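Hi,

Here is the structure I promised to pass on to you. Have a look at it first, and then read on for my notes on what turned up.

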Amino acid sequence: MYLPGLAQTDPEIRDLIIAEEKREWEKVRLIPSENYASSAVMEATGSVFTNKYSEGYPGKRYYEGQQLTDRVENLAIDRAKKIFGMEHANVQPYSGSPANMTVYHALLEHGDTIMGLALPHGGHLTHGWKVNFSGKSYHSVPYELDPATELLNYDKILEQAKEVKPKLIIAGYTAYPRTIDFAKFREICDAVGAFFHADISHITGLIIGGAHPSPFPMADTGTTTSHKTLRGPRGALIVSRKEYAEKIDKAIIPGLQGGPHNHTTAAIAVALKEASTPEFKQYAQQVVRNAKALAEELNANGFRLVSGGTDNHLILFETLKSKGISGRDAAKAFDKAGIVTNCNTVPFDPSSPFNPAGVRIGTPAITSRGMKEPEMKKIGKWMNEVIEHHADEQVLARIAAEVKEMCQSFPCPGINPGNWES
Ligand SMILES: *Cc1c(COP(=O)(O)O)cnc(C)c1O
């Protein structure tokens with residue numbers, strides 16, 4: 001019997017878990033922030049470390065019984081420092097958003113000026129968007145992409161920084177398909193005396209695998225989620241220079257959090273170990289090759305890609321003007337055809353973030369299943385067919401069946417279909 005505890009206690013949830021495993025197996029999952037965690041990561045996440053309270057840090061806890069939690073957290077810390085080449089790591093943030101909150105809490109006072117990329121241009125909510133804590137507690141003056149190239153314009157960012165004199169500048173995005181020149185951000189921050197914070201949540205796996213330049217050790221602080229290209233559990237970590245270590249640690253506790261999620265910490269340690277293997281490097285390189293191959297196929301089929309293509313794991317394309325369908329309707333049609341994406345604003349998109357003009361996709365999850373360039377070509381063709389026949393339920397169902405058929409040849413890490421029969 002698979003999931004025997006749930007079979008006895010809560011069959012409804014057991015059925016939903018199995019159904020979700022099937023969904024993740026049968027679909028082409030293109031949401032660029034999603035992935036497949038390995039069974040090793042899943043085992044650590046589901047372990048007894050969920051039972052332990054351990055406020056504080058290794059060697060400095062409030063409660064007893066920390067002989068083993070200290071060792072787990074130290075392993076995660078040491079691996080994080082090593083893999084990112086930074087002097088300090090804190091592995092306790094509950095997720096990416098609280099990790100950013102922690103950095104601001106550590107380095108800023110309420111009302112201080114910050115500069116991050118505007119959300120409609122690819123920045124994250126926590127980089128100063130007006131309805132987010134980061135835009136309410138701090139004076140946020142977002143920078144934007146260049147209207148002609150849809151790329152970062154470092155000269156303009158420097159000009160704006162000189163004008164508004166931010167105390168902290170954020171580099172790192174959720175919907176930017178191109179390489180980030182972190183050295184330029186270091187120069188800009190130095191020119192205006194701002195902290196340089198790198199939020200590499202989306203591209204951590206690429207950075208570790210050598211498929212994108214690292215902001216470290218140039219950046220003063222860095223945050224990353226652990227569940228995106230890194231393929232770990234849902235969680236996050238912060239790295240920093242030694243001089244900010246104490247402020248960061250105090251901003252976590254007593255500043256913002258209580259007990260760390262030790263089961264997550266254990267799984268982060270596992271993910272970092274997996275990420276230091278040659279196989280992970282190959283995965284990271286293939287993620288980018290796949291994204292480029294998929295971008296090429298979409299370009300060939302008349303999709304308008306933001307910035308014309310991609311350098312990383314992510315592709316953003318416009319549908320409203322170029323294909324006559326809103327991003328949300330396009331994403332809904334893709335989903336019916338077994339291709340899971342998310343609608344997204346595109347730069348200078350006049351529509352609202354809830355009904356935007358584009359779609360965001362990425363290749364981390366399908367690369368984790370071993371898909372390569374030939375599959376990218378197929379996926380690109382299917383996507384074009386979906387758009388052309390988005391109102392034809394029969395065509396969408398036929399494509400969904402073809403997608404499912406292809407998926408059978410590409411096992412998902414962390415999921416074993418043999419379990420479903422038992
Ligand atoms: C995903 C993401 C976050 C937020 O992470 P959550 O775990 O969803 O809170 C923060 N910053 C960036 C750049 C992200 O991509």
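This is a predicted model: local features need pLDDT of at least 70, side-chain atom pairs count only at pLDDT 80 or more; totals for chains, interfaces and linings use all residues.

**What I found**

Pro217 sits in the loop that runs between helix 9 (204-208) and strand 9 (221-225).

Pro254 is found in helix 10.

On the subject of phi, Glu150 has a positive value of about 60° although it is not a glycine. You will find Glu150 in the loop between strand 6 (139-140) and helix 7.

Now for the overall layout. The chain is divided into domain 1 (42-275) and domain 2 (278-414), and the C-alpha centres of the two lie 28 Å apart. Domain 1 gives 29 residues to the contact between them, and domain 2 gives 27 residues.

Next, some helix pairs. Helix 7 (residues 154-164) packs against helix 8 (residues 182-192) at an angle of about 20°, with the axes 9 Å apart. Angles under 35 degrees count as roughly parallel, so helix 7 is roughly parallel to helix 8. The crossing of these helices is right-handed. Helix 7 makes the contact with Tyr154, Ile157, Leu158, Ala161 and Lys162, while helix 8 uses Lys184, Phe185, Ile188, Ala191 and Val192. Of these residues, eight are nonpolar, none is polar and two are charged.

Helix 5 (residues 96-107) and helix 10 (residues 245-256) are arranged in another way: their packing angle is about 110°, with their axes 8 Å apart. That makes helix 5 roughly perpendicular to helix 10. From helix 5 come Met101, Thr102, Val103, His105 and Ala106, and from helix 10 come Lys247, Ile248, Ala251, Ile252, Gly255 and Leu256. This contact divides into seven nonpolar residues, three polar and one charged.

How do helix 16 and helix 17 cross, left-handed or right-handed? Their crossing is left-handed. The axes of helix 16 (residues 373-388) and helix 17 come within 10 Å and cross at roughly 165°, which means that helix 16 is roughly antiparallel to helix 17. In helix 16, Glu375, Lys378, Ile379, Trp382, Glu385 and Val386 meet Val395, Leu396, Arg398, Ile399, Glu402, Val403 and Met406 of helix 17. Eight of the residues in this contact are nonpolar, no residue is polar and five are charged.

Helix 17 (residues 393-407) also holds Ala400. Leaving aside residues up to four places away in sequence, Ala400 touches Lys336, Ala337 and Gly338. Ala400 and Asn100 are 300 residues apart in sequence and 38 Å apart in space, C-alpha to C-alpha.

One last item is helix 12 (residues 278-300). At 1.5 Å a residue, its 23 residues should span 33 Å, and this agrees with its end C-alpha atoms, which are 33 Å apart.

Technical notes:
Residues are numbered from 1 along each chain as its sequence is written. Side-chain values use heavy atoms; hydrogens and water are left out. Axes are lines fitted to C-alpha atoms, for helices over the stretch in contact, and angles run from 0 to 180 degrees between N-to-C directions. Helices (H or I, at least four residues) and strands (E, at least two) are DSSP runs, numbered from the N terminus. Angles under 35 degrees count as roughly parallel, over 145 as roughly antiparallel, 65 to 115 as roughly perpendicular and the rest as oblique. A crossing is left-handed if the near helix is turned anticlockwise from the far one by less than a right angle, and right-handed if clockwise. Contact means heavy atoms within 4.5 Å. Ala, Val, Leu, Ile, Met, Phe, Trp, Tyr, Cys and Pro count as nonpolar, Asp, Glu, Lys and Arg as charged, and the others, Gly among them, as polar. The expected span of a helix is 1.5 Å times one less than its number of residues. Domain bounds come from an automatic or database domain assignment.
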